[in-house]
Amino acid sequence: MQAADTPSPSRPADPAQARREVLPEAATTQERDLAYMDLALDQARAALALDEVPIGTVIVAGGAVIGRGHNRTRTRRDPTAHAELIAISEAARTLGAQRLVGASVYTTVEPCFMCAGALSHARVERVVWAVRDPKFGGCASLGSVLSDPRMNHRAEIAEGVRAGEARALLQEFFRSKR
Ligand code: ZN
């Protein structure tokens, strides 16, 4: 039997990290967007450390991070291993639910059509990204999966949060590939 004070595996091991995830009740939307995008950028850096395209995602509901993910397509040899899909699966496990009603998603790059479709199926409430993806973006650049009125579900969208940091990580990765 586990001791009562054993931290649950979903809790961040680093206390500083845990503090950053708990925002004051009175935090503004802008403050929340910046703080949670910082956590998504941490995920993108984790991808970069694995020589993956640096894209990271966190999903927040009820003031808590319920899912996180970073791109793993190369290490998993799986074209569907996008940051958003990994974070959605984790969030669904956390909630024990198929739909992430009321959830906000923070991701460093505009979701592709595949991920935007999954976010729509998950019924998330809000999606915030840092930079657009002119070649794959399905939410603004090449399509509007999350805001098309014909879609069954629409999410509020916002963009440009921490764009400089997100772009710098992508540039660092692609520069190293030349
Ligand atoms: Zn994607």
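How many helices and strands does the protein chain have? The protein chain has six helices and five strands, where helices (H or I, at least four residues) and strands (E, at least two) are DSSP runs numbered from the N terminus. This is a predicted model, in which local features need pLDDT of at least 70, side-chain atom pairs count only at pLDDT 80 or more, and totals for chains, interfaces and linings use all residues. Residues are numbered from 1 along each chain as its sequence is written.

**Figure 1. Order of elements and confidence in the protein chain.** From the N terminus on, the elements run α-α-β-β-α-α-β-α-β-β-α. The average pLDDT (the predictor's confidence in each residue, from 0 to 100) is 91, and 89% of the residues score at least 70. Over residues 1–10, pLDDT stays under 50. Where pLDDT is low, the predicted coordinates should not be read in detail.

Figure 2. Strands E1 (56–61) and E2 (64–70) run antiparallel and are joined by six bridges; two strands pair if DSSP finds at least two bridges between them. Gly67 in E2 is the bridge partner of Ile59. Two residues lie between the strands of this hairpin, where Gly62 takes a positive phi near 55 degrees. Five of the seven residues of E2 are buried, so E2 is largely enclosed by the rest of the structure. A residue is buried if 20 or more other C-beta atoms lie within 10 Å of its own, exposed if 12 or fewer, and partly exposed in between, with C-beta atoms placed from the backbone.

Figure 3. The 13 residues of H4 (residues 83–95) should span 18 Å at 1.5 Å a residue, which agrees with the 18 Å between its end C-alpha atoms; the expected span is 1.5 Å times one less than the number of residues. Among the buried residues of H4 are Leu85, Ile88 and Ala91. The buried residues of this helix pack against H2 (29–49), E1, E2, E3 (104–109) and H5 (113–121). Just after H4, Gly96 takes a positive phi of about 65 degrees.

**Figure 4. Ile59 in the largest nonpolar core.** Of the 44 residues in this core, Ile59, Leu119 and Val127 touch the most other members. A nonpolar core is a set of buried Ala, Val, Leu, Ile, Met, Phe, Trp, Tyr and Cys residues joined through C-beta atoms within 7 Å. The largest share, seven residues, comes from H2. Not counting residues up to four places away in sequence, Ile59 touches residues including Ala87, Ile88 and Val105, a contact being two C-beta atoms, placed from the backbone, within 7 Å.
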